Amino acid sequence: MPERTFTPDDLTGTGSVCGCLICRLDAVFARHLRALRTGYPGTVTMLGHRTAAPGTTAVPHFLTMQLGEVPADIVVWEEMRPDQLKAWLPQADARDRVPQLASRIPRLIRIRQAIRAGTFTPSGSAGAALASGDRYPSFRYLVQHWPTLTKEYTP
Ligand SMILES: [Zn+2]
């Protein structure tokens, strides 16, 4: 499915806990994730102003927001328990990469933007997944295909 692009209008009436931009973005993206996921154990929990609780993993998501002419990449964070992380990302090797990649947001965004701009087309299954239209450069895609992406992407 194609990536959803959000607009500032999506941020109104989110019912977020506090009225700040982070919480509004969290509320909008959590609603989006709940609608997309099937078989995810428990509820979608965004970090908001917290840090991840002990034993959980902070997972970034990229939210694309159209700001005038320009698509902007915004990062929101979800907290996942181990069983949730496993349901979301079944491949153990990809799961092991989550903390490392979560600390490399600027590079991930550059790769995302290069894919979006058409200046970088990864090979193999990473490229095929994008070409099929089934996938887009979400954090999950990036973490699953990281060995290929980091080898082939040269800014
Ligand atoms: Zn807030």
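Author: Start with a definition: helices (H or I, at least four residues) and strands (E, at least two) are DSSP runs, numbered from the N terminus. In this structure, the protein chain holds seven helices and four strands. The model is a predicted one: local features need pLDDT of at least 70, side-chain atom pairs count only at pLDDT 80 or more, and totals for chains, interfaces and linings use all residues. Residues are numbered from 1 along each chain as its sequence is written.

Reader: In what order do the elements of the protein chain run from the N terminus on?

Author: The order is β-α-β-β-β-α-α-α-α-α-α.

Reader: How do I read the radius of gyration of the protein chain?

Author: The radius of gyration is taken over C-alpha atoms, and the globule rule is 2.2 Å times the number of residues to the power 0.38. For this protein chain the radius is 15 Å, close to the 15 Å that the rule gives for 155 residues, so the chain is as compact as a globular protein of that length. Along its principal axes the C-alpha trace spans about 40 × 40 × 25 Å.

Reader: How do the strands form a sheet?

Author: Two strands pair if DSSP finds at least two bridges between them. Here, four strands form an open sheet in the order 1-3-4-2, with mixed pairing. Strand 1 (5-6) and strand 2 (45-46) are the edge strands, and each pairs on one side only.

Reader: In which sense do strand 3 and strand 4 pair?

Author: Strand 3 (residues 57-67) and strand 4 (residues 70-80) are antiparallel, over eleven bridges. Ala58 has Glu79 in strand 4 as its bridge partner. Met65 has Ala72 in strand 4. Met65 is also the partner, in strand 3, of Phe6. Strand 1 and strand 3 run parallel, joined by two bridges.

Reader: What lies between strand 3 and strand 4 in their hairpin?

Author: Two residues lie between them, and in this hairpin Gly68 takes a positive phi near 65 degrees.

Reader: Which domains does the protein chain have?

Author: Domain bounds come from an automatic or database domain assignment. For this chain, that assignment gives domain 1 (1-88) and domain 2 (90-155). Their centres, taken over C-alpha atoms, are 19 Å apart.

Reader: How many residues of each domain are in contact with the other?

Author: Two residues are in contact if their C-beta atoms, placed from the backbone, lie within 7 Å. Twelve residues of domain 1 are in contact with twelve residues of domain 2. On the side of domain 1 that touches domain 2, strand 3, strand 4 and helix 2 (82-88) each give two or more residues. Strand 3 gives the most, with six residues.
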